[in-house]
Amino acid sequence: MTDAETDAFMDASAAALGLAIQPEWREAVRTNLAVTFRMAALVLDFELPDEAEPAPVFTA
Amino acid sequence: MTQPHWQTAAEITAAVTAGRTTARAVTEATLARIAARNPTLNAFTDTTAPRALAQADAIDAARAAGQPLGPLAGVPFAVKNLFDVAGLPTRAGSAINRERPPATADATLIARLEAAGAILVGALNMGEYAYDFTGENRHDGPSRNPHDPARMTGGSSGGSGAAVAGGLVPLALGSDTNGSIRVPSALCGIFGLKPTFGRLPRTNSFPFVSSLDHLGPFARSVTDLALSYDAMQGTDAGDPGCANRAPEPVSATLATGIAGLRIARAGGYFRANLTPEADRAVSHVATALGITTDIELPEAARARAAAYLITTAEGAALHLARLRTRPADFDPDVRDRLIAGAMVPATLVIQAQKFRRWYRDAVLRLFEHVDAIIAPSTPCAAPLLGQKTFTLGGTELPVRPNLGIFTQPISFIGLPVAAVPIAGTLPTGVQIIAAPWREDIALRIAHHLETAGIVAAQRPQDT
């Protein structure tokens with residue numbers, strides 16, 4: 001996402017979630033979102049079969 | 001003779017049991033030591049002196065009456081302040097939660113340690129809501145590294161690291177979601193145990209990420225880790241994540257050596273992005289263990305990324321109501337991460353959970369060929385308090401999320417780890433990683449290294 005797209009995503013998500021982001025918090029939230037989406041890209045780039053089961057409650 | 005404040009739990013309980021000292025004398029000395037050192041280290045947020053002295057007197061009375069004493073009789077301990085302590089609000093490092101009414105019951109692990117004769121002396125500083133690798137805290141101030149109070153303890157169990165490394169208590173409990181036992185163990189130069197996910201019950205402790213949260217001990221010897229771990233094992237219906245598994249004590253086999261064990265060093269991801277001192281620490285252990293081969297944990301970088309996504313999203317879900325109603329009361333470093341976490345699309349989290357199972361299966365296959373894997377605990381020794389970035393592999397990165405790059409891919413699939421300290425100008429640490437439910441193997445290797453003088457709790461120079 002571009003910075004403008006990230007800002008638009010942040011504003012829309014905050015509205016949907018009922019979060020009030022103060023102006024002085026925006027840069028840090030934007031930075032954290034950018035990191036999060038970089039992490040997400042790594043995960044999404046890995047091809048998994050349709051049958052892959054999630055592990056929401058992990059059992060060792 | 002070991003100075004009293006540097007005695008191990010095993011030494012203390014032996015002295016109390018033999019009548020060479022009393023539990024009251026040990027407890028009074030511990031409380032005095034805390035009063036003297038805590039203004040520098042900021043490890044404790046609460047002390048529980050009346051309760052501790054009453055427990056001590058009960059132990060001394062039991063001995064006087066000829067009753068058998070527990071395996072931790074007279075051993076002072078303290079807990080990260082996300083454990084419920086009856087009579088204290090469970091602040092979990094936050095300003096918000098300390099407004100809650102005092103807990104009415106102790107965490108299950110506290111009760112189990114006390115049943116073994118240990119004596120709770122207080123609650124310990126931590127990063128807010130455990131979303132932290134630094135040990136810094138906006139509300140209570142940072143816990144400080146006993147080897148250099150200008151430096152981080154690591155977190156989020158920062159007070160646990162400072163209290164044990166600073167000689168305030170021989171034993172502490174902490175939690176580890178992505179590395180919060182192993183990181184402070186390394187930066188403070190002490191031993192830590194992150195058991196298999198589901199081994200120790202989390203009943204009556206404040207959560208962070210339910211499918212990743214582990215509880216475990218810190219100590220200055222492997223024997224003490226084993227003693228406390230054995231006293232805490234056993235299922236508990238109060239924690240849905242706790243496995244229905246009988247205790248599997250490790251103390252009796254701790255000193256059986258490492259003959260026949262196949263041990264490898266984690267390569268690839270775990271060889272990159274670490275400073276020379278962290279690399280030397282792992283090499284030191286590898287040489288001592290005669291390790292000649294590297295083993296690749298497949299897709300470790302993606303595992304770390306997936307753990308990051310699940311953590312930020314689940315953590316945000318836990319705190320969403322508080323983020324909506326009183327965001328200004330959070331530590332800003334935590335709040336701004338949680339706000340971003342609240343915005344993660346569900347599809348990404350589900351995909352991360354699918355990847356998690358793939359990764360688990362791939363890593364478990366490695367344990368068909370090895371019994372244990374060693375890897376660095378942190379990429380570097382303790383950064384300075386307030387330091388925001390460091391350089392790893394030629395890239396400047398934020399400290400807070402990146403201190404845990406080597407611990408996250410391991411806890412992501414719940415593997416047990418004994419974290420062992422390597423002495424230096426500043427200490428560093430190594431993870432000894434075993435297959436699920438094989439804490440015994442990780443601790444046997446740790447004990448072998450300790451006996452050989454390769455790893456040891458590092459005593460701060462000023463104490």
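**Exercise 1. The nonpolar core**

Find out how many residues the largest nonpolar core has, and which of them have the most contacts inside it.

*Solution.* Start with the term: a nonpolar core is a set of buried Ala, Val, Leu, Ile, Met, Phe, Trp, Tyr and Cys residues joined through C-beta atoms within 7 Å. Buried means that 20 or more other C-beta atoms lie within 10 Å of a residue's own, with exposed at 12 or fewer, partly exposed in between, and C-beta atoms placed from the backbone. The largest such core has 154 residues. Those with the most contacts inside it are B:F77, B:A78, B:A172, B:L309, B:I374, B:I432 and B:A442. Next, look at the helices (DSSP runs of H or I, at least four residues, numbered from the N terminus; strands are runs of E, at least two). Helix α9(B) gives the most to this core, eleven residues. Finally, take B:I432: setting aside residues up to four places away in sequence, its partners include B:I374 and B:A442. Contact here means C-beta atoms, placed from the backbone, within 7 Å.

A note before going on: this is a predicted model, where local features need pLDDT of at least 70, side-chain atom pairs count only at pLDDT 80 or more, and totals for chains, interfaces and linings use all residues. Residues are numbered from 1 along each chain as its sequence is written, while chains are lettered from A and ligands numbered from 1 in the order in which they are written.

**Exercise 2. One alanine**

Decide whether B:A165 is buried or exposed, and list its contacts.

*Solution.* Then count: B:A165 has 30 C-beta neighbours inside 10 Å, so it is buried. Beyond four places in sequence, B:A165 contacts B:P146, B:C188, B:G189, B:I190 and B:P460. B:R220, 55 residues away in sequence, has its C-alpha 7.3 Å from that of B:A165.

**Exercise 3. Chain A and its contact with chain B**

Describe chain A, then work out which residues of chain B touch it.

*Solution.* Chain A has two helices and zero strands. Its radius of gyration (over C-alpha atoms) is 16 Å, well over the 10 Å that the globule rule (2.2 Å times the number of residues to the power 0.38) gives for 60 residues, so chain A is more spread out than a compact globule. Buried residues make up 20% of chain A. Now turn to the contact, which takes 28 residues from chain A and 36 from chain B. On the chain B side, α9 (300–325), α10 (332–342) and α11 (346–366) each supply at least two residues. The largest share, eleven residues, comes from α11(B).

How values were computed:
Two residues are in contact if their C-beta atoms, placed from the backbone, lie within 7 Å.
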